[in-house]
Every structure is written in structure tokens, then in C-alpha cells.
Amino acid sequence: MKVSLSVNGKPATIDVADPQMPLLYALRDDLGLHGPRFGCGLGQCGACTVLIDGKAARSCVMPMGAMTGKKVVTLEGLGSPGKPHPLQQAFVAEQAVQCGYCINGMIMQAASLLSTNRKPTEQEIKAALAENLCRCGTHLRIVRAVKRASEASA
């Protein structure tokens, strides 16, 4: 089957042999996007988070058969090296990245939060990111980065 969707503002059509194939595989293998990462494969760690129709979703458990007509945004679609998204700028400014594996999910989950709550409290940021796992322990810097981005976009 062919699945047509929008990825980072551009139309994409992907040949899918199995409609249960995860969106993550199509993004990485067919489209060459490496922002979303394979972490747990169960939707529990958040490394694969993307925006689907503006809402954070775990791409490792989203079947391609359900993606027709959807608008998907990956980390690559938030900003560019020349014009980074305020969240990307804030994560650099706060030095919120250590190994970097979780950062895709943290930024995409934060982007979803900021799209609905432009001025979240520290508790709201922590609650929004609670299901995104980071083993390096940069949580305090990540929270500061999201707070900084929310203040920059105000």
C-alpha cells in the first residue's frame, strides 16, 4: 500500500508492505530523518517522539496504516541550523544535552506543550516531560531550557 502524508511541511508518499510498520521506520529508513530515535520500541521512553497533527506522539508505536493524510513534524522540521526553533536555541543555551539520545523526544514533547500552554510553570513542564526518559540526569537543564524557550516566545 502507499501512504501519503506531510512530513515537515512537504508531501511524502511511502510504499508500505505492512500497515503495522511503525512510522519511526518510515521516517528513518525511507525518508532519512534521524531526529526521532529508536529507544524502547514500546512507546515508553519518548526518544521517537514526533508531532502528528500538532500533538506529541510516539512514532515507534504509530502504524503507517493510520498515517494517511497526517501532518508529521520531526526535530528536523522544527528549525534549521540557520534558523533554529526557540526550543533548540534554549537547549543549546542551557547546555541541556549530554549524550543527546533523549533530546529529540524532550524537544518535541516540549514543543507540543508550548503550542497549547505558552507560559507553563515549572511543575507543568515537569509533568509534560515526565514520560520522557533521560539517563544522563540533565533534567534540571532541560526544564530550564523549556522555561527559557517559553519566555523567548512570549
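Trainee: Quick one on Q95. Buried or exposed?
Mentor: Exposed. Q95 has a relative accessible area of 56%. That is over the 50% cut-off, so Q95 counts as exposed. Keep in mind that this is a predicted model.

Trainee: Where is the place of Q95?
Mentor: Q95 sits in the loop between α3 and α4. Look at its backbone too. Q95 is not a glycine, yet its phi is positive, at about 50°.

Trainee: What about N8, what is its phi?
Mentor: Positive, about 55°, and N8 is not a glycine either. N8 lies in the loop between β1 and β2. With a relative accessible area of 22%, N8 is partly exposed.

Trainee: Back to the α3–α4 loop. E94 is found there. Buried or exposed?
Mentor: Buried. The relative accessible area of E94 is 15%. The cut-off for buried is under 20%, so E94 qualifies.

Trainee: What does E94 touch?
Mentor: Leaving out residues up to four places away in sequence, E94 touches R141, R144, A145 and R148.

Trainee: Which side chain does E94 meet in a salt bridge?
Mentor: R148, with 2.9 Å from N to O. This pair links distant parts of the chain, 54 residues apart. E94 is in the loop between α3 (86-93) and α4 (103-116), while R148 belongs to helix α6 (residues 139-152). The two side chains are also joined by a polar contact of 2.9 Å.

Trainee: And R148, what is its relative accessibility?
Mentor: 39%, so R148 counts as partly exposed. E94, by contrast, is buried.

Trainee: How many salt bridges does the count come to?
Mentor: 5. One of them pairs D15 with K2, with the closest N and O atoms 2.6 Å apart. That pair also links distant parts of the chain: D15 in strand β2 (residues 10-15) and K2 in strand β1 (residues 2-7), 13 residues apart.

Trainee: What is the relative accessibility of D15?
Mentor: 53%, so D15 counts as exposed. K2 is exposed as well, at 57%.

Trainee: Let's go to α5. Which side chain does K126 meet in a salt bridge?
Mentor: E122, at 3.1 Å from N to O. K126 is partly exposed at 34% relative accessibility. E122 is partly exposed too, with a relative accessible area of 44%. Both residues lie in helix α5 (residues 122-129), 4 residues apart, or about one turn of the helix.

Trainee: Which residues do salt bridges that share partners join into one network?
Mentor: E94, R144 and R148.

Trainee: How do α5 and α6 pack? At roughly what angle do the axes cross?
Mentor: Roughly 115°, and the axes come within 10 Å. The crossing is right-handed. On the α5 side the contact uses E122, I125, K126 and L129. On the α6 side it uses I142, V143, V146 and K147.

Trainee: Now the core. How many residues has the largest nonpolar core?
Mentor: 24. The residues with the most contacts inside this core are L87, F91, M106, I107, I142 and V146.

Trainee: Which elements give two or more residues to this core?
Mentor: α2 (75-78), α3, α4, α5 and α6. The largest share comes from α4, with 8 residues.

Trainee: What is M106 in contact with?
Mentor: Setting aside neighbours within four places in sequence, the list is F91, L129, N132, L133, C134, H139 and I142.

Trainee: Which residues are among those of the other core?
Mentor: V3, L23, L33 and V50 are among them. That core lies apart and has 17 residues.

Trainee: Last one. Where is K83 found?
Mentor: In the loop between α2 and α3. K83 is exposed, with a relative accessible area of 66%.

Trainee: How many Å apart in space are K83 and C60?
Mentor: 28 Å, C-alpha to C-alpha. In sequence, K83 and C60 are 23 residues apart.

Methods. Residues numbered from 1 in each chain as written. Predicted model: local features only at pLDDT ≥ 70, side-chain atom pairs only at ≥ 80, totals over all residues. Heavy atoms only, no water. Salt bridge = Lys/Arg side-chain N within 4 Å of Asp/Glu carboxyl O. Buried < 20%, exposed > 50% of the residue type's maximum accessible area, 1.4 Å probe, protein only. Core = buried A, V, L, I, M, F, W, Y, C linked by side-chain atoms within 4.5 Å. Contact = heavy atoms within 4.5 Å. Polar contact = N/O pair within 3.5 Å; in protein donor to acceptor, adjacent residues only side chain to side chain. Axes fitted to C-alpha atoms, helices over the stretch in contact; angles between N-to-C directions. Left-handed = near helix turned anticlockwise from the far one by under 90°.
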